[in-house]
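Here is a short briefing on a protein structure. Keep the sequence and the 3D view open as you read.

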Amino acid sequence: MFMSGSASLYEKRKGVYPKAVDGFYRRLKWAIMAVTLTIYWGTPWLRWDRGPYAPDQAVLVDLAHRRFYMFSIEIWPQEFYYVAGLLIMAGIGLFLVTSAVGRAWCGYACPQTVWTDLYQHVERFVDGDRNAQLRLAKAPWGAAKIARRLFKWSVWLGIAFVTGGAWIFYFADAPTLQREFWSGTAAWQAYATTFVLTATTFVLGGFMREQVCIYMCPWPRIQTAMLDEKSLIVTYKHWRGETRGSLKKAQAHPGAFGDCVDCNQCVAVCPTGIDIREGPQIGCITCALCIDACDKVMAQVGRPRGLIDYCTQDDAEAEQKGAAPRPVLKTLLRPRTIAYFAVWAGIGAAMLFALGARERLEISAQQDRNPIFVRLSDGAIRNAYTVKLRNMQARPRPMEVGLTGLPGGRMWTDAGLRETAATTVRTTVPADSVAKLRIFLTLPSRGPARQDFRFTVRAIDREGGSASEPARFERP
Amino acid sequence: MADDKRIDPATGTEIKHHEWDGIQELDTPLPRWWLWTFYATILFAIGYMIAYPAIPMIDRATGGMLGWSSRGALDKELAARERQIAPIRRAIAETPVTALPGRPELMQQAVEGGRAAFRVHCVQCHGSGAAGSRGYPNLNDDDWLWGGDLATIEKTITAGVRNPDHDATRQSLMPAFGKDQLLTAAQVDDVVAHVRAISGQDRPSAASRRGDKVFADNCAVCHGPAGKGNRELGAPNLTDAIWLYGGDAGTIHETVWNSRHGVMPRWDDKLDKATIRMLAAYVHSLGGGEAAPPAGAGAGR
């Protein structure tokens, strides 16, 4: 059996030329685009004074030194659970948003949506609106078309470049990196990252667009599973709109047609090229631009707005049976969204509490295992430990290491000799770093085979603070 | 066949003929760009197979046009590492060992380099933790046959102990007092009792008092009148708690009767100057290292 042609197996992308539209949701999208892009491009340039021993960039992922700075918070690698907590909050935040307002993330805040939107505005600026774009797409390749295409692609490429280029500033001091970038002295990773992100932005925003949402992104599938009958989705109120008919037909046959004048504006403005009147579908990112388009037409023909509107499936059913439309706010408050919010806020509060209470001074001690003990010539037994002092403050701190529960213990570091042995060891830990001390500890040979004690550390500056760590002394 | 084609009313897409528990599958077409991506990966794979080792043959894989190999990559990494540490090795070789403590960073690098070299060259006798074993000194403690400051340790490593082909080798020759009949069996018993007494393991006895005299006549010339040893001669301190071969009466008897002549190879013909210096720094750092003795100081403690 032969296949009837590859057309049935593989589908050519259908061109999408969304029409410009104005309205409440369009303006909301403008505002969100302005805010998200400002955050993305502006954040690395914010400064935050941390004193002479730490970088002054407000948000910095310092991979080289393994530090994450976010305004007044500094996170060390062993505190990475804060970042994990943030990611969990982001995840639950998405659940919350999805259960409350459906695919609002997709429609408004997803980078793919924001940049595609930006690219489409460029496209309209260069090629004109939908109809001009359609004409140009059909036109044969000539000097004018090539010139327009080159111009459009170079503007896209410019946006892609500043998009990809901005990313690297989150990982190094932005002003320095920018100078290095242009003088060709930045790390090759900076150029490679910029190149890759420029290329992906250009391709995903300029050419792939809705294909990313429909075929590549896992999130629509997950959301499909999370949406329920009480989630807001963009709904064509077919009970009100059908049977479709032009204004002329409707006037000729009063009562035979619904509110939909079949003007096709909802299809023309859709950035993913779907017809919302076919019902809920995976291609709908709920950007609500069709609501704006339809509201405008309804106003022109003197019919009430909201033929296409945000509406839950349950409300749609109730409305079909004659109930009045329910205000959007009322649909937001329900047990599921409240539960998500409670979990989300609970994690946030717990993290804030943990951040506020965390100790900025830590000690850890590791006993030498090979050999466990050494007999000295006077018969005393020596154990050795690697003691690490973590000073998480952005200034050097003098510290004193001591012993509790080990009377008679004398210690010294490998920087000194046994003659300097004392009950404490003092050192200054540099700013924002770990001091590694090798501590030799002696006790007389007579005593239990194992003696548990604690290493303590005390900051001997005005701020003070202390920490301790269990350890063990062993004899033959 | 064409007439039993069923179309899904909602999507307009053909429904496949199979069915599981009432669940049917739509024959939704893949996007064409996906097909191009698939072809591109095939092309990439062909290119990769030409450029890199790919197809397994009987005893090796095809070489690939770029000549890449994992061994070659490793060699490159090792060479890069060598280049990186070459200036450190040079600096260590050019800095006298006694000057190392004055340069803490270089000292630290020397200790770490020595730690690595120790694992290759020294652990066979001294153990991985340098704790030694019977007859092989523990390098962690504060008891040194020849001295525990940096320069002395370096000299011992360089020349070895009782090494026949090195002029400056550490050399000490304790006679086999019993075997060579320099002392009678009774005298050996007495001197063993004396050593047990001065090391605080036994109370003084009649035998140890007799041994005192034997010790003074035969042993004190190297071990010192009080038995505290002499590092110039490599004679161990007999009064401390550390015994290279064992401090019980039987072992001390065996030592006096047969003598002990432990050996260590010279390392200056196997290792370069920097490595020996790093080994000295590492051994010194283990906890028993001593400060350099003041100039002109004689016998050990």
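**Domains, contacts and sheets**

Chain A splits into three domains: domain 1 (11–224), domain 2 (233–326) and domain 3 (361–474). The model is predicted.

**Domain 1 and domain 2 of chain A**

- The C-alpha centres of domain 1 and domain 2 of chain A are 32 Å apart.
- The two domains touch: 26 residues of domain 1 of chain A are in contact with 19 residues of domain 2 of chain A.
- On the domain 1 side, the elements that give two or more residues are α1 (24–42), α3 (104–109), α4 (111–127), α9 and α10 (219–226) of chain A.
- Sorted by class, this side of domain 1 of chain A has eleven nonpolar, seven polar and eight charged residues.

**Where chain A meets chain B**

- Chain A puts 22 residues into the contact, and chain B puts in 22 residues.
- On the chain A side, β1 (10–11), α9 (210–216), β8 (374–375) and β9 (381–391) each supply at least two residues.
- By class, the side of chain A that touches chain B holds nine nonpolar, five polar and eight charged residues.
- Strand pairing also links the chains: β1(A) and strand β4 (residues 30–31) of chain B run parallel and are joined by two bridges.
- Within β4(B), B:Pro31 is the residue that stands opposite A:Glu11.

**A sheet in chain B**

- Strands of a sheet pair through backbone hydrogen bonds, and the pairing is either parallel or antiparallel.
- Chain B has an open sheet of three strands, in the order β1-β2-β3, and the pairing is antiparallel.
- Which strands are at the edges? They are β1 (6–7) and β3 (23–26) of chain B, and each pairs on one side only.
- How many bridges join strand β2 (residues 14–20) of chain B to β3(B)? There are three, and the two strands pair in the antiparallel sense.
- B:Glu19 has B:Gln24 in β3(B) as its bridge partner.

**Annotated spans in chain B**

- An unreviewed UniProt entry places the feature "domain: Cytochrome c" at residues 109–199 and 206–287 of chain B.
- Residues 109–199 of chain B are 45% helix and 0% strand, and the end C-alpha atoms of this span are 39 Å apart.
- Residues 206–287 of chain B are 48% helix and 0% strand, with end C-alpha atoms 40 Å apart.

Terms used. Residues are numbered from 1 along each chain as its sequence is written. Chains are lettered from A and ligands numbered from 1 in the order in which they are written. This is a predicted model: local features need pLDDT of at least 70, side-chain atom pairs count only at pLDDT 80 or more; totals for chains, interfaces and linings use all residues. Two strands pair if DSSP finds at least two bridges between them. Helices (H or I, at least four residues) and strands (E, at least two) are DSSP runs, numbered from the N terminus. Two residues are in contact if their C-beta atoms, placed from the backbone, lie within 7 Å. Ala, Val, Leu, Ile, Met, Phe, Trp, Tyr, Cys and Pro count as nonpolar, Asp, Glu, Lys and Arg as charged, and the others, Gly among them, as polar. Domain bounds come from an automatic or database domain assignment. UniProt positions are given in the numbering used here, feature names are shortened, and annotations may be inferred rather than shown by experiment.
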